[in-house]
Amino acid sequence: MRLLFSVLPLLFVLQCGKDLSPFGGPPEITELSARLKPEWPTAEWKVVNPESVGVSSEKLKLVDAYAFLRTGDDKNRSGRRTDALVIIRNGKLIYENYARNFTKDKLHLTWSVSKSILQAMYGITVKNGLVKLDDPGYYHYEPLSRDEAHKKITIRHLLGMSSGLSAEEGYESGPLKSSVIAMLYTRGRKDMGEFCSSLPTRAEPGTQVYYSSCDTNILSALLKKIYPKEEYDNLPFQKIFEPLGIKRAVFEKDGSGTFVGSSYLYLTARDLAKIGYLYLNDGVWNGERMLPEGWVNFTRTPAPGYITTPFAEDLAEDNYTSHWYANTGVPNRGIPEPWPDAPRDTFAALGHWGQMLYVIPSLDLIIVRFGDDREKAFIKNEFLKLVKESVIR
């Protein structure tokens, strides 16, 4: 007994120095489930006056002006080109506006915001015990067994864009050497997962963060091997959209029947906000835990590969986590917060040409912005600063 009591303090010290999160993120984030609301927008969002939830209508006019004031032209698709903007506070819709013939009922291509919904599909799969984050991918997906280098790639590596595969993500900037163009539109479109798995490695898995739609579509193909065909085909609809009351969604597939998780999910702005509300409430919807405990902490933690990724200027814009983006910065690499005028707990799902889903737990805010930006005229930090300043209590 004396030995037991002499060892306990040592064990306590050791445990306090360890990362106790089951998914590898720091256990620093408060219990988001404490924010659970008595009302849930499963049927529809409740629309209220902004002042009733502590937001200034006058200040929201500045947000509206920034988002919808056209600064370019349609011919060259220049300037800020917002299609939809929805803001939720305390679980209620306080602002909504549309342009370019979009409405609250019209689906919009989310581009790479799709990746964050695929991450939710993995949360459900992990919760059901069908896969572990540190499983080598080839355990479930044979194309990743082509050599010893590929066999080292784990699901965690793929979620953190740290597979080490030699993918090239350029669209307009480098279409001739772009693997993402080949994957989506030419030689890879019949089976995107297999095409991406055939790429050589350029780094040890887990050691470098490189944004890659290939990593996402390997993950999607891997899910298709975990689930029976019908269950896979229904997975996002029955396990995510239906519980959240999302009745209309389109999720395109490649030639092999695999969801194009990197790019081709269509949702309305109001429905995408429901995804944000699920994450705002720690993966719980109307009292039911959909995502495992700790999953949202994992979602808000920059990928471990940043520690060893060779520094590049564009890293400062990322703070990439597990198919989401954080606003924490990576202090031990000298990488700052990407949106310094937004609360530090802000995290986001972001997509090509200005698709955005922001979740700000400390302000109980969700923001969805759809756009058609062809240049960097919509400055995320400036926009988020205006939204934050509209909150008066």
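The structure holds 20 salt bridges, where a salt bridge is a side-chain nitrogen of Lys or Arg within 4 Å of a carboxyl oxygen of Asp or Glu. Before we dig in: this is a predicted model, where local features need pLDDT of at least 70, side-chain atom pairs count only at pLDDT 80 or more, and totals for chains, interfaces and linings use all residues. Residues are numbered from 1 along each chain as its sequence is written, and side-chain values use heavy atoms, with hydrogens and water left out.

**Exercise 1. Find the partner of lysine 151 and say where the two residues sit.**

Step 1: Look at the side chains. Lysine 151 pairs with glutamate 148 in a salt bridge, with 3.5 Å from N to O.

Step 2: Helices here are DSSP runs of H or I with at least four residues, strands are runs of E with at least two, and both are numbered from the N terminus.

Step 3: Check how open they are. Buried means under 20% relative accessible area, exposed over 50%, and partly exposed in between (1.4 Å probe, protein chains only). Lysine 151 counts as partly exposed because its relative accessibility is 27%. Glutamate 148 has 56%, so it counts as exposed.

**Exercise 2. Work out what the salt bridge of lysine 152 ties together.**

Step 1: Name the partner. Lysine 152 bridges to glutamate 204, and their closest N and O atoms are 3.3 Å apart.

Step 2: Trace the chain. Lysine 152 is in the loop between α4 and α5 (155–159), while glutamate 204 is in the loop between α7 (192–197) and α8 (213–226), so this pair ties together parts 52 residues apart in sequence.

Step 3: Classify both ends. Lysine 152 is partly exposed, at 44% relative accessible area. Glutamate 204 is partly exposed too, at 42%.

**Exercise 3. Classify the two ends of the arginine 344 salt bridge.**

Step 1: Glutamate 337 is the partner, and the closest N and O atoms are 3.9 Å apart.

Step 2: Arginine 344 has 45% relative accessibility, so it's partly exposed. Glutamate 337, at 30%, is also partly exposed.
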